[in-house]
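Thank you all for making time this morning. Please have a look at the structure on the screen while I talk you through a few of its features.

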Amino acid sequence: MIVRKALMLLLSLVCAATDCCTIDPKLTSLRGGGGRQAWIQDFCRTPGNEFFAEVPLSFIRESMNSIDIGRGVDIPYRQEALGVILGERRIGVGVHGDNNASTVQSSAALLYGLLHARFLVSPQGLKVVLEKFSKADFGRCPRVYCQGQAVLPVGESDRPKQSSVKVFCPRCGDLYYPSGYVRACDGAFWGTTLPHLLLLGWPELKTTPNTSHYVPRVFGFKVHAEELSAPDQDGRQERLS
């Protein structure tokens, strides 16, 4: 509990110092401080986007979040894409017309993904992740001996277009591919920090690793591990000679 409070205080101080998020104790809805959130809702409900959370509009409107996010990343029609996310602009309406509608839509998805990664590591975002984790919304570890342990999304890089999203198992500490279409999503939209920051704040979520391992058998007799491993080059040459 002390560690969690210290972590939340540290996150709040960091957010306040950089204007990267606003912690509003009166905020009880993910819809943020008013305004339309139709694009965000539709995006999160699209098949394959089940891991995404709805980022509050108030968080997105913070200047440092909307301007600083994605620095060094090529996001065509950035302002138009931001307007689409905020519900202030419809795709295909405006100076660029319908010809670049698909580009604006792709940019909106990329920009939202980067904003999403920043939101999840804020105090408010961590609570959203905690709720989804408690319901195993991110899936369960495929390893048999982890006994259905709930997993957390994680990226192998904080830069987009490097690798797809993976899931981290708190029990065995390994990474796996998620099931379904979500495996095509960019891992940077969750980032490298999320699961480990959550476990630091809520250490009771950590589970004792299961040290059991599968024992291969042939007709009931244990098979030595070396017999199942691939032979080295010297061993292969000996068998061929």
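I will go through the aromatic contacts, then the salt bridges, and finish with a helix and a surface patch.

This is a predicted model, in which local features need pLDDT of at least 70 and side-chain atom pairs count only at pLDDT 80 or more, while totals for chains, interfaces and linings use all residues. Residues are numbered from 1 along each chain as its sequence is written, and side-chain values use heavy atoms, with hydrogens and water left out.

Let me begin with the rings. The structure holds eleven aromatic pairs, where a pair means that rings of Phe, Tyr or Trp (its six-membered ring) have their centres within 6.5 Å, with planes under 30 degrees apart called stacked, over 60 edge-to-face and the rest tilted. One of them joins phenylalanine 52 and phenylalanine 189, a tilted pair at 6.0 Å centre to centre with 50° between the planes. This pair links distant parts of the chain, 137 residues apart, since phenylalanine 52 sits in the loop between helix 2 (38-45) and helix 3 (57-61) and phenylalanine 189 in the loop between strand 3 (175-176) and helix 8 (194-201); helices here are DSSP runs of H or I with at least four residues, strands runs of E with at least two, numbered from the N terminus. Phenylalanine 52 also forms a tilted pair with tryptophan 190, at 4.6 Å centre to centre and 50° between the planes, and both of these residues are buried, that is, under 20% relative accessible area, against over 50% for exposed and in between for partly exposed (1.4 Å probe, protein chains only). Ring pairs join these residues into a cluster that also includes Trp39, Phe43 and Tyr112.

Turning to charges, there are three salt bridges in the whole structure, each defined as a side-chain nitrogen of Lys or Arg within 4 Å of a carboxyl oxygen of Asp or Glu. Lysine 166 and glutamate 156 meet at 2.8 Å, N to O; lysine 166 is buried at 7% relative accessible area, whereas glutamate 156 is partly exposed at 47%. Salt bridges with shared partners join Glu131, Lys135 and Asp137 into one network.

Which helix is largely enclosed by the rest of the structure? That is helix 5 (residues 78-85), because seven of its eight residues are buried, and just after helix 5, glycine 87 takes a positive phi of about 80°. Phenylalanine 219, by contrast, is exposed, with a relative accessible area of 82%, and lies in the loop between strand 4 (217-218) and strand 5 (221-222).
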